[in-house]
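Here are some notes for a first look at this structure. Please keep the model open while reading.

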Amino acid sequence: MNFLAHFVLAQSTDASRVGALLGDFVCGTPESLIGKFPDEVIKGIVLHRLIDRLTDDHPIFLDCKKWLRDDRRKFAGIVIDIFFDYFLTKHWERFGEGDLTKYIEDLYLLIERRADWLTPELREIAPRMRAEDWLNSYCSIEGLGLTFRRMSRRRDFLAPIIGAEQDLKAHYQNFENAFLKFYPDLVETLKRES
């Protein structure tokens with residue numbers, strides 16, 4: 001899952017949601033993070049890692065790779081995570097919390113308010129995240145295309161993900177059906193394991 005889903009699956013606290021974001025920016029064991037972050041933030045990081053592991057190993061998620069163009073399959077984890085954030089926005093009434101626009105604005109405010117909990121790298125990225133409105137870009141296929149282009153500019157080796165939204169268009173119903181089976185299963189698994 002990508003940023004939006006990690007926020008939704010986190011506990012409804014500042015610390016857990018910051019941990020959900022930090023999961024992509026922090027290395028080390030939970031024990032090695034003690035003293036660097038509040039305990040609740042560390043729990044959010046651990047939850048992020050659990051979500052990533054459960055997602056990457058899930059048969060439905062793995063099956064989705066077959067609908068990606070061959071040269072994108074090695075980046076399937078990134079591409080499908082972003083597709084699934086798109087479907088989370090499309091099915092927000094079922095899986096989200098309140099109004100999506102307000103939810104996203106509240107997340108940006110949270111990131112600003114808790115900047116002291118962020119890594120230096122993330123503190124540098126956070127203003128751009130809001131200025132470019134990364135979270136709302138998951139709400140449209142055009143926004144996904146923009147997301148893939150932005151990501152490839154930051155890391156040259158990601159160039160094959162440019163245009164990945166075309167794979168979504170070509171296999172839209174397959175990806176949507178996969179998300180609608182996968183996401184509730186992930187939520188139930190998290191209830192049991194966390």
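1. Start with the contact of H4 with H12. From H4, the residues Leu47, Leu50, Ile51, Arg53, Leu54 and Thr55 take part; on the H12 side they meet Phe182, Leu186, Thr189, Leu190 and Glu193. Sorted by class, this contact has seven nonpolar, two polar and two charged residues. Keep in mind that the model is predicted.

2. How do these two helices cross? H4 covers residues 39–57 and H12 covers residues 172–193. Their axes come within 11 Å and cross at roughly 130°. H4 and H12 are therefore oblique to each other, since an angle counts as roughly antiparallel only when it is over 145 degrees. The crossing of H4 past H12 is right-handed.

3. Next, look at H6 and H10. Ile78, Val79, Ile82, Phe83 and Tyr86 belong to H6; they meet Ile141, Leu144, Thr147, Phe148 and Met151 in H10. By class, this contact of H6 with H10 has nine nonpolar residues, one polar and no charged ones.

4. What is the angle between H6 and H10? The two pack at about 150°, and their axes are 11 Å apart. That value is over 145 degrees, so H6 and H10 are roughly antiparallel to each other. H6 passes H10 in a right-handed crossing.

5. Now the core. The largest nonpolar core has 69 residues. Met1, Phe3, Leu4, Phe83, Phe84, Leu88 and Phe175 have the most contacts inside it.

6. Met1 deserves a separate look. Leaving aside residues up to four places away in sequence, Met1 touches His6, Leu9, Ile51, Asp52, Thr55, Asp81, Phe84, Asp85, Phe179, Phe182, Tyr183 and Leu186. Among them, Ile51 and Thr55 are also H4 residues in the contact with H12. Phe182 and Leu186 are on the H12 side of that contact.

7. Finally, check Asp133. This residue is not a glycine, yet its phi is positive, about 55°. Where does Asp133 lie? Asp133 sits in the loop between helix H9 (120–131) and helix H10 (141–154). Its relative accessible area is 26%. Buried would require under 20% and exposed over 50%, so Asp133 is partly exposed.

Conventions. Residues numbered from 1 in each chain as written. Predicted model: local features only at pLDDT ≥ 70, side-chain atom pairs only at ≥ 80, totals over all residues. Heavy atoms only, no water. Core = buried A, V, L, I, M, F, W, Y, C linked by side-chain atoms within 4.5 Å. Buried < 20%, exposed > 50% of the residue type's maximum accessible area, 1.4 Å probe, protein only. Contact = heavy atoms within 4.5 Å. Axes fitted to C-alpha atoms, helices over the stretch in contact; angles between N-to-C directions. Helix = DSSP H or I, 4+ residues; strand = E, 2+ residues; numbered from the N terminus. Parallel < 35°, antiparallel > 145°, perpendicular 65-115°, else oblique. Left-handed = near helix turned anticlockwise from the far one by under 90°. Nonpolar A, V, L, I, M, F, W, Y, C, P; charged D, E, K, R; others polar.
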